Amino acid sequence: MPSTQAAGASSIASRARHKLLRFPDAELERQFRLSYRAAARPWIRMSLVVALSTVLGFTVIDHWLLVGPRLAPPDIWRFGLQLPLVLIMLVLTAPRLYLRWYQPAIQIAAPLFGVGTVLMAVEATPAQLPLVAARLLLAAFYFYFMLGLSFNAALRSNLLLIAAYACAAATGAIAAPVATYSLFVLLCANLIGGAGCYALEYANRVAFLERRRLAEVATHDGLTGLLNRAALEEQARSLWQHAHLSGLPVSVLLIDIDHFKAYNDRYGHQEGDRCLREVSAAIHGAARRRPLDVVARYGGEAAAAADGVRRAVADLGIAHSASGTRPYVTVSVGVTTVETGGDYSHERAVRLADVALYATKSRGRDGWSFRAPEDEAAGAAPAARQTPDEPPPLTSPAALDERQAAELLKTAS
């Protein structure tokens, strides 16, 4: 339900303030990273073009201003390490490579690029050293803000950069006064850059949660917390196309609470709303078993699909003395499974499931009936009704699921 989801989002947002900047929910963390990386790709590509220009620009400036006998070794690190790294990362920003390869690669390339800058400082003359060492600041801020690294990854890269420079100073490769001064400046730069990077990532995480909360309010039914009719219709087409491309059938189950008007009349609408919420939660818990399963409230009737939905509702044990079927709340289910070839036909699947649902009600409720597409053409009656007093037939939803390998679209109320 939206209120619960908003509270959950607020709770996660508060926990996101911890040092690790990581959502406790692994799936939420994965979605945030994918969303952020996809949005950041154009800016990262532009930043890498700037990095390429910077490397080439420093090449010109070094040979123009830092004239001396020790220019050749820095060119080795510049053209043998830094320039190839920038070019490789530019290639990995291509759409087909970016999401899979860029992040693992940049977390290796960034520290290596920094080490290349340290090696160039080691090769510099005492007069050149302060100018060359100043580039470490550029590298530090690049890691924090320009490469799409998370705060933790950027901090890790900068700590490796500081460690490499400190090791060079400890071995005497860099004059102690310059090394001490440069290390202090570098530490200050990391404090400033790290604080800014942390604040930026935290703000991105909060904004991500707010977008999710607003989307859930817009797409979910206010009473049950299930997808509303409009959201179902929007998702149905893309799920149908996915099933068609994968060569999988689509199963639709329409579920109706038996004698619900009588329940409202007997217990009142407030209790009726509570009953709807509990039944919806039971259906959602029983139905959502695969990533593409969808549970939605479909115009006062519900759409869900999972083995044991009827039992899950019955197990709630919600008293219903006004029911002519059982002394507790039960549901009737209409089931169909259709192939996804040809034109988009989610409406046809819903119509078939509705026919099966009507058959369940006409046979006494608290069960399910299956309606196949070929039955519609032949005019056959829906089959495979199941009640607590009858064993599951061979064409039960469980058997259908095993035989046809997947149920990609499921609707419920």
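What follows is a short chat about aromatic pairs and salt bridges in a predicted model.

Me: How many aromatic pairs does the count come to?
Reply: Ten aromatic pairs, in this predicted model. One of them is phenylalanine 151 with tyrosine 198, with 5.4 Å centre to centre and 85° between the planes.

Me: Stacked or edge-to-face, that one?
Reply: Phenylalanine 151 and tyrosine 198 are edge-to-face, because planes over 60 degrees apart count that way.

Me: Where do the two residues sit in the chain?
Reply: Phenylalanine 151 is in helix H7 (residues 151-170) and tyrosine 198 is in helix H8 (residues 176-219). They are 47 residues apart, so the pair links distant parts of the chain.

Me: Is phenylalanine 151 buried or exposed?
Reply: Buried, at a relative accessible area of 13%. Tyrosine 198 has 24% and is partly exposed.

Me: Which residues form an aromatic cluster?
Reply: Phe23, Phe32, Tyr36 and Phe208 form one. Phenylalanine 23 also has the charged end of arginine 205 over its ring, 4.8 Å from the ring centre.

Me: Switching to charges. How many salt bridges does the structure hold?
Reply: The structure holds 14. Among them is glutamate 29 with arginine 33, where the closest N and O atoms are 2.8 Å apart.

Me: How many residues apart are glutamate 29 and arginine 33?
Reply: Four, which is about one turn of helix H2 (residues 26-65), where both lie. Glutamate 29 is buried, with a relative accessible area of 1%, while arginine 33 is partly exposed at 22%.

Me: What does glutamate 210 form a salt bridge with?
Reply: Arginine 213, with the closest N and O atoms 3.2 Å apart. Both are in helix H8, and because they are three residues apart, about one helical turn separates them. Glutamate 210 is partly exposed at 37% relative accessibility, and arginine 213 is partly exposed at 27%.

Me: And what does arginine 326 meet in a salt bridge?
Reply: Aspartate 366, at 3.0 Å from N to O. Arginine 326 is in the loop between helix H12 (309-314) and strand S4 (331-338), and aspartate 366 is in the loop between helix H13 (346-362) and strand S5 (368-370). The pair therefore ties together parts that are 40 residues apart in sequence.

Me: Is aspartate 366 buried or exposed?
Reply: Aspartate 366 is buried, with a relative accessible area of 1%. Arginine 326 counts as partly exposed at 23%.

Me: Which residues do salt bridges join into one network?
Reply: Glu29, Arg33, Glu201 and Arg205, through salt bridges that share partners. Arginine 205 is also the residue whose charged end sits over the ring of phenylalanine 23.

Note on methods. Residues are numbered from 1 along each chain as its sequence is written. This is a predicted model: local features need pLDDT of at least 70, side-chain atom pairs count only at pLDDT 80 or more; totals for chains, interfaces and linings use all residues. Side-chain values use heavy atoms; hydrogens and water are left out. Rings of Phe, Tyr and Trp (its six-membered ring) pair if their centres lie within 6.5 Å; planes under 30 degrees apart count as stacked, over 60 as edge-to-face and the rest as tilted. Buried means under 20% relative accessible area, exposed over 50%, partly exposed in between (1.4 Å probe, protein chains only). A charge sits over a ring if NZ of Lys or CZ of Arg is within 6 Å of the ring centre and within 35 degrees of the ring normal. A salt bridge is a side-chain nitrogen of Lys or Arg within 4 Å of a carboxyl oxygen of Asp or Glu.
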